[in-house]
Amino acid sequence: MSETTDRPVHQGPLRVTRVEDDAVWRVCLARPKPNLLDVEMIHALREVFERARDDHKLKVVLLEGEGGHFSFGASVEEHLPGKFESMIPEFHGLFDRMLESSVVTLAAVRGLCLGGALELASFCHRVFAAPEARLGQPEIVLGVFPPVASVALAERIGRSRAEDLCLTGRTLTGEEAQRIGLVDELAHDPAAAALAYAHEHLIPRSASSLRLAVRACREAFADRFRADLQRVERLYVEDLMKTHDANEGLRAFLDKREPAWSDS
């Protein structure tokens with residue numbers, strides 16, 4: 001496996017390393033509070049996929065997290081009134097950039113991969129995870145729901161299993177996630193396993209043919225995803241965030257207390 005001699009490029013909260021003669025970008029989420037997907041991180045990821053779209057030597061983007069975790073998920077503070085109105089469309093735009101880039105995306109998951117982080121990882125073409133990793137969509141515990149997972153997760157694991165995760169907020173180990181198809185391969189070093197997969201199965205292929213194959217595989221899904229996410233985003237912004245309980249759940253989390261639900 002060849003690796004360029006260039007040092008990793010730090011792009012805000014990301015560390016990007018080009019390997020395999022620039023055919024693979026290792027994109028590492030690098031934040032002290034484990035790799036929080038705040039607006040700065042979202043902007044940086046969007047820029048990566050915008051550059052990826054125009055780099056015709058690039059075949060694979062590998063997403064991973066620095067330290068012991070992939071990511072704790074999206075910033076709860078940025079879900080509060082006055083911030084979510086701009087943050088939610090910005091986050092959803094990231095997935096549009098991923099689709100537009102037409103590169104193969106792999107995720108390497110260790111430790112916690114929750115909420116928006118799982119939406120990001122499960123949107124990738126293939127997910128590699130450590131057996132003891134913890135994956136889940138805990139938004140409902142905070143009185144909200146995950147728009148991207150609500151639309152896209154069923155494509156990966158089926159509607160019943162996707163609804164179970166979105167409606168209960170429970171977390172799965174890497175082994176449990178593999179059994180339902182949320183994780184494709186278990187490895188104690190998931191990043192190394194992802195790179196080995198890319199080296200064996202993707203690097204030998206034509207970059208232009210891979211891009212067209214990615215578009216072909218996701219063409220119909222991309223159309224459905226964009227249309228459905230627009231409707232679900234409106235449900236989140238115009239209905240959910242006008243309820244008492246959505247705001248109560250978010251504030252209770254930040255206050256480190258139990259929420260007082262009013263069921264309204």
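Tutor: Before we start, a contact here means that heavy atoms lie within 4.5 Å. Please keep in mind throughout that this is a predicted model.

Student: Which residues does Met-98 touch, not counting those up to four places away in sequence?

Tutor: Met-98 belongs to a helix that spans residues 84-101, namely α2. Once residues up to four places away in sequence are set aside, the residues that Met-98 touches are Phe-49, Thr-105, Leu-120, Phe-123 and Cys-124.

Student: Is Met-98 buried or exposed?

Tutor: A residue counts as buried when its relative accessible area is under 20%. For Met-98 the relative accessible area is 5%, and therefore Met-98 is buried.

Student: How far apart are the C-alpha atoms of Met-98 and Val-148?

Tutor: Along the chain, Met-98 and Val-148 are 50 residues apart.

Student: Why can the protein be called as compact as a globular protein of its length?

Tutor: The protein is built with nine helices and 10 strands. For 264 residues the globule rule gives 18 Å, and the protein is as compact as a globular protein of that length because its radius of gyration is close to that value, at 18 Å.

Student: What share of the contacts with a separation of 6 or more comes from residues 24 or more positions apart?

Tutor: As for burial, 54% of the 264 residues are buried. Among contacts with a separation of 6 or more, the share from residues 24 or more positions apart is 69%.

Definitions and conventions: Residues numbered from 1 in each chain as written. Predicted model: local features only at pLDDT ≥ 70, side-chain atom pairs only at ≥ 80, totals over all residues. Heavy atoms only, no water. Helix = DSSP H or I, 4+ residues; strand = E, 2+ residues; numbered from the N terminus. Rg over C-alpha atoms; globule rule 2.2 N^0.38 Å. Buried < 20%, exposed > 50% of the residue type's maximum accessible area, 1.4 Å probe, protein only.
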